[in-house]
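Here is a quick tour of the model on display. Have a look at it first, then follow the notes below.

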Amino acid sequence: MASGELSTRRIDEENLPVGHVVTASGRVSGVHQVGTVNPDLSPFATDELIQLDESLIEATRRTGIRFNVLVGDLGSDTAAGADAALAGTPEAEYSVLIAVSPNQRAIEVRSGRGVAHLVDDRIAQLGITAATGSFRDGDLIDGLVAAVRVMSAAITGPSA
């Protein structure tokens, strides 16, 4: 891909979960029925979720790479859990996953094969470092937002 080009990939909309759609920007957005408990949502305030979503949208637009966040138990081997989680993300080959297991105090960053040349170990470590300070202060959302922003800025560089 030449500098400045944006590639697009086709998402198989037939295999999306109920209540999920592909937006005009190419992101997958999901909802749940009002008044029902959504087990997929963590106990974050609406404004925190909006802040995280906006950072994911901006990072995806800026880099052309789909950014994903997972908060939950990654299993006894957090690295293997993150690998398995990445495989289940939309467009996994062209995605980045920031996976956090709060109870295990673990954060893992994975990138798909199609973007591994852009999201290398250095970029992943920048994201982890950006998140760690807020995590220590007990602010999971701020840490995730910081990780997404720092990683996307490092991927695109100062000219973007």
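## The chain overall

Of the contacts in the chain between residues at least 6 apart in sequence, 59% join residues at least 24 apart, where contact means heavy atoms within 4.5 Å. Keep in mind that this is a predicted model, in which local features need pLDDT of at least 70, side-chain atom pairs count only at pLDDT 80 or more, and totals for chains, interfaces and linings use all residues. Residues are numbered from 1 along each chain as its sequence is written, and side-chain values use heavy atoms, with hydrogens and water left out.

What does the chain hold in the way of secondary structure? There are four helices and five strands, taken as DSSP runs (H or I of at least four residues for helices, E of at least two for strands) and numbered from the N terminus. Going along the sequence, they come in the pattern β-β-α-β-α-β-β-α-α. As for burial, 36% of the 160 residues in the chain are buried. Here buried means under 20% relative accessible area, exposed means over 50%, and partly exposed is in between (1.4 Å probe, protein chains only).

## H1 against H4

Start with helix H1 (residues 46–63) and helix H4 (residues 140–156), whose axes come within 9 Å and cross at roughly 10 degrees. The axes are lines fitted to C-alpha atoms, for helices over the stretch in contact, and the angles run from 0 to 180 degrees between N-to-C directions. That crossing angle makes H1 roughly parallel to H4; the cut-offs are under 35 degrees for roughly parallel, over 145 for roughly antiparallel, 65 to 115 for roughly perpendicular, and oblique for the rest.

On the H1 side, the contact is made by Glu48, Gln51, Leu52, Ser55, Leu56, Ala59, Arg62 and Thr63. H4 brings Ile141, Asp142, Leu144, Val145, Val148, Arg149, Ser152, Ala153, Ile155 and Thr156. Sorted by class, the residues of this H1 and H4 contact are nine nonpolar, five polar and four charged. Nonpolar covers Ala, Val, Leu, Ile, Met, Phe, Trp, Tyr, Cys and Pro, charged covers Asp, Glu, Lys and Arg, and the others, Gly among them, go down as polar.

## H3 against H4

H4 also packs with helix H3 (residues 121–136), at an angle of about 155 degrees and with the axes 7 Å apart. That makes H3 roughly antiparallel to H4.

From H3, the residues involved are Arg122, Ile123, Ala124, Leu126, Gly127, Ala130, Ala131, Ser134 and Phe135. They meet Leu140, Asp142, Gly143, Leu144, Ala146, Ala147, Val150, Met151, Ala154 and Ile155 in H4. The class count for the H3 and H4 contact is 14 nonpolar, three polar and two charged residues. Thr132 is another residue of H3, and it is partly exposed at 23% relative accessibility.

## Two polar side-chain pairs

Thr78 sits in helix H2 (residues 78–87) and is buried, at 16% relative accessible area. Which side chain does the side chain of Thr78 make a polar contact with? The partner is Glu108, at 2.9 Å. A polar contact is a pair of N or O atoms within 3.5 Å; within protein, one must be able to donate a hydrogen and the other to accept it, and residues adjacent in sequence count only if both atoms are side-chain atoms. Beyond its neighbours within four places in sequence, Thr78 touches Gln104, Ala106 and Glu108.

The other pair involves Arg66, in strand S3 (residues 66–71). Arg66 is buried, at 8% relative accessibility, and its side chain makes a polar contact of 3.0 Å with the side chain of Glu91.

## Positive phi in two loops

Most residues other than glycine have a negative phi. Glu91, though, has a phi near 50 degrees. Glu91 is in the loop between H2 and strand S4 (95–101) and counts as buried, at 17% relative accessibility.

Arg105 has a positive phi too, near 55 degrees. Arg105 lies in the loop between S4 and strand S5 (106–111), and at 78% relative accessibility it is exposed.
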